[in-house]
Structure formats: C-alpha cells, structure tokens
Amino acid sequence: MVLLLLLMPLLVAEGLAQKKMLYRRVEKIGESSLLCYYNYFYNELGIREEAIMLLQTGGKVQKFCGLAHYYRDSLALIFNNRPQDKLLLAKESARILNIPGCRKDVQWVMYLNFPHGERTITDRVFTDSFLSKEKNITPSWVYTDDTQTIRGYLCHKATTTLYGRNWIVWFSPEIERPDGPWLLRGLPGLVVLAETDDGKFKFELQKIVKKQTFVLFDKKEYFKADRNKVLQNKRKYYENKARYAKAASVDAHPITDMPYTPSLSYHSLRKIK
C-alpha cells in the first residue's frame with residue numbers, strides 16, 4: 001500500500017502524458033512579409049487597458065490580431081493540426097502567456113481581403129465563437145497640413161469617422177504601405193498613431209519587423225452573424241453574465257452556479273447600433 005501511494009503521482013503523470021488532444025486547427029490563407037506591432041489602448045468597460053496587437057501585411061491577405069493569438073496559431077502550425085501530448089500543450093500554453101505582451105489578449109481577429117474583396121472578423125462571447133463577413137471598404141479620409149515626428153518618422157495628419165467614432169490619425173509616407181491597425185488603412189503611408197477624439201481607443205506603432213510568415217486562419221465551429229449583432233451579444237453578456245450564461249447553456253447541462261457579477265457598460269471599438 002505504501003509503495004502504491006508513492007507511485008501514484010508517477011502513474012498519474014504518466015497517464016496524462018499518454019493522453020493527447022488537438023490544440024487547434026489552422027489553415028494557411030496567405031503570406032506576409034512585414035510584421036507591424038501596435039500598442040492598443042482601449043476603454044471598453046470603464047477601465048483603461050492595454051494590449052499588443054500585430055498586423056501581418058505585405059501580401060494579398062492581411063491579418064490583425066492580439067499577439068497571443070498570433071503565437072497560438074503559430075504553435076498550431078508547428079503541431080501540423082495533429083493531437084499532441086496534454087502535458088506538452090500545457091507547457092507551451094504557459095510559455096506563450098509568459099511572453100511579454102501576451103498576458104492580456106484581445107478576442108477579436110480581423111482578416112482583410114479574405115475572402116477576396118471582403119473582410120472576415122472572428123470573435124468570442126462567453127463560450128461562443130462568431131464569424132462575420134463584410135465588404136472590404138476603405139475609410140474616407142480628410143487630409144490636413146499638420147505634421148509631426150513620431151517614433152522617428154515624419155508623419156502627416158488625417159481624420160475620418162468610422163462606425164460612429166471620430167479618428168485622428170498620423171501616417172508616414174516614409175513607410176510605403178497603405179496599411180494600419182484595425183480598419184484604419186488606405187492612406188499613402190503606414191499608420192503610426194491613431195486615436196479617437198474621446199480618448200477611449202488608441203493604436204500606437206511599436207516596431208516593424210521584416211519577416212516572411214504565413215497568414216493563418218483559426219478553423220473552428222463558428223456561429224455566423226452580423227458584426228453588430230455580435231457586439232450586441234457582448235453588451236448583453238457584460239450587463240448580466242449569469243443570465244447570458246444560462247441562456248447560452250445546453251439544456252441538458254444548464255449553468256446555474258455562475259457567481260454574481262456587477263452589471264458593466266460595454267463600449268466597443270465600433271459603436272453598437
């Protein structure tokens with residue numbers, strides 16, 4: 001009996017090591033030659049938060065996502081969409097969380113020109129994953145004569161109104177890419193700094209890395225829905241998490257023990273209609 005007790009931790013660890021599971025499935029949808037890292041400051045719930053987001057560009061398809069999402073997709077590519085040892089997955093997941101900038105992740109992901117001429121947005125609300133498709137429309141810009149140097153780049157000022165928010169944007173023709181964070185693109189130079197006039201949302205270029213990478217799409221079961229509908233669901237979730245969880249639970253396994261959480265006012269990057 002004593003020997004069995006001593007061996008039990010080893011037997012449990014060995015049993016876990018023999019169990020495998022699929023980490024995630026990804027699909028190659030393009031290639032990029034440039035990685036643009038942005039600091040993203042946002043105030044969705046009455047508290048100013050910060051995350052690092054990554055723009056993959058230089059090819060036909062662009063992707064804008066949280067840094068942790070990028071590393072998770074890259075790991076799935078290494079695993080070649082095959083089941084892996086659970087202990088290895090736990091170790092690699094912990095490693096990603098310890099990478100600077102990956103502790104705070106952003107749930108939504110933007111794919112531009114995927115499919116061709118459209119954009120795809122994936123997001124998650126509670127346990128549900130959503131996918132939205134829209135026409136890939138470029139914002140209408142108003143140019144000014146204002147200039148300033150930001151992060152060593154001579155930048156020019158432009159403004160636009162996009163999904164209910166007024167944006168002040170600084171772009172640099174020194175970086176000959178008509179790209180930028182989120183949907184802030186179509187300018188004669190890369191967006192270096194962008195902020196809403198109320199200060200709730202801000203993107204600031206951190207660094208640019210020239211590197212060939214695959215643009216990957218996270219393949220999972222998605223609910224297809226209009227983007228505004230997804231944001232409405234997020235607002236309902238933060239207004240009453242317990243009620244939302246109960247409504248989203250499977251009838252056979254209802255969620256009834258959700259702890260009480262205060263109602264929160266949710267403000268999204270694009271205003272909810």
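User: Where does Asp-123 sit, and why is Asp-123 called buried or exposed?

Analyst: Asp-123 has its place in strand S7, where a strand is a DSSP run of E with at least two residues and a helix a run of H or I with at least four, both numbered from the N terminus. Buried means under 20% relative accessible area, exposed over 50%, and partly exposed in between, with a 1.4 Å probe and protein chains only. Asp-123 comes to 3% relative accessibility and therefore counts as buried. This is a predicted model, in which local features need pLDDT of at least 70 and side-chain atom pairs count only at pLDDT 80 or more, while totals for chains, interfaces and linings use all residues. Residues are numbered from 1 along each chain as its sequence is written, and side-chain values use heavy atoms, with hydrogens and water left out.

User: What makes the pairing of Asp-123 with Arg-227 a polar contact?

Analyst: A polar contact is a pair of N or O atoms within 3.5 Å; within protein, one must be able to donate a hydrogen and the other to accept it, and residues adjacent in sequence count only if both atoms are side-chain atoms. The side chains of Asp-123 and Arg-227 meet this at 2.9 Å, and the side chain of Asp-123 makes another such contact with that of Lys-234, at 3.1 Å.

User: What is counted as a cavity, and how many reach 30 Å³ or more?

Analyst: On a 1 Å grid over the protein atoms alone, a cavity is a set of points where a 1.4 Å probe fits but cannot get out, and lining residues have an atom within 4 Å of a point. Grid points are joined across faces, edges and corners, and the volume is the space filled by probe spheres set on the points. The count is 1 cavity of 30 Å³ or more, and the largest cavity holds about 100 Å³. Of its 13 lining residues, those nearest the centre are Trp-108, Trp-182, Arg-227, Leu-269 and Arg-270, and H4 supplies the largest share of the lining, 3 residues.

Note on methods: On a 1 Å grid over the protein atoms alone, a cavity is a set of points where a 1.4 Å probe fits but cannot get out, and a pocket is an open set with protein on both sides within 12 Å along at least five of seven lines; lining residues have an atom within 4 Å of a point.
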